Amino acid sequence: MDLALQAEQVAAVAAGRRYEIDPALDLRLKGAWDGGTKTFTAEAVTLRSSFATATGRGGATAAGEIRDSAVRIDADLGKLSAKLGALLERPPDLGGTVQVDLTASGQEVGGTAVFKGFRAGAVGPLDLTLRHEGRIDRGTHTLDLECGKAATVRVTAEIQGDAVRADVEGKGDLEALAA
């Protein structure tokens, strides 16, 4: 299957007011459904907007098995903030860029988000890296957040039914934080 969808001048109208969402959206999907194995495979997926691009590949079975899958998202948070400003009464004041890489295969999941010049209101700009590794079947997950040499936080969590056990470890360098 090859699917291509394009939309121009995307807007929403509410209470007689027009809200510009994006000048152009472009979605491309190349994939296949195997009825015998009940498996969907996406050879390539691409979504482009004025503030972000997402690309991916992978698949899953109807039984919930995740095949080798990967997604990358590149976004300009300042442009996203401007878009949200047209839609929300109190939009977040964001700046910087983020690149997100997500992977999944079988029961293993992972991801990395790299923020450059991240700003939220009066906080920042900061360069941050957030990493996640986990296993769905065991309910084990590790999150690492790094802010250069200034601070690191590691959260290790284990999910068992309705209970969550988490350990948090943090380290900071006050001199590096002040810089």
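These notebook entries record what I looked up in a predicted model of a protein chain.

**Basis.** I number residues from 1 along each chain as its sequence is written, and side-chain values use heavy atoms, with hydrogens and water left out. In this predicted model, local features need pLDDT of at least 70 and side-chain atom pairs count only at pLDDT 80 or more, while totals for chains, interfaces and linings use all residues.

**Elements.** I found two helices and 11 strands in the protein chain; these are DSSP runs, numbered from the N terminus (helices: H or I, at least four residues; strands: E, at least two). Along the sequence I read the pattern β-β-β-β-β-α-β-β-β-β-β-β-α.

**Overall form.** I noted a radius of gyration of 20 Å, whereas a compact globule of 179 residues would have one near 16 Å. The radius is taken over C-alpha atoms, and the globule rule is 2.2 Å times the number of residues to the power 0.38. The C-alpha trace spans about 55 × 45 × 30 Å along its principal axes.

**Burial.** I looked up the buried share, which is 22% of the 179 residues (buried: under 20% relative accessible area, 1.4 Å probe, protein chains only).

I saw strand β1 (residues 2-14) pair antiparallel with strand β2 (residues 17-34) over 12 bridges; pairing requires at least two DSSP bridges between two strands. A4 has R28 in β2 as its bridge partner. Two residues lie between these strands, and A15 in the turn has a positive phi of about 50 degrees.

I then followed β2 to strand β3 (residues 39-48), to which nine bridges join it in the antiparallel sense. D34 has T39 in β3 as its bridge partner. Four residues separate β2 and β3 in this hairpin, where K38 takes a positive phi near 50 degrees.

Technical notes: Buried < 20%, exposed > 50% of the residue type's maximum accessible area, 1.4 Å probe, protein only.
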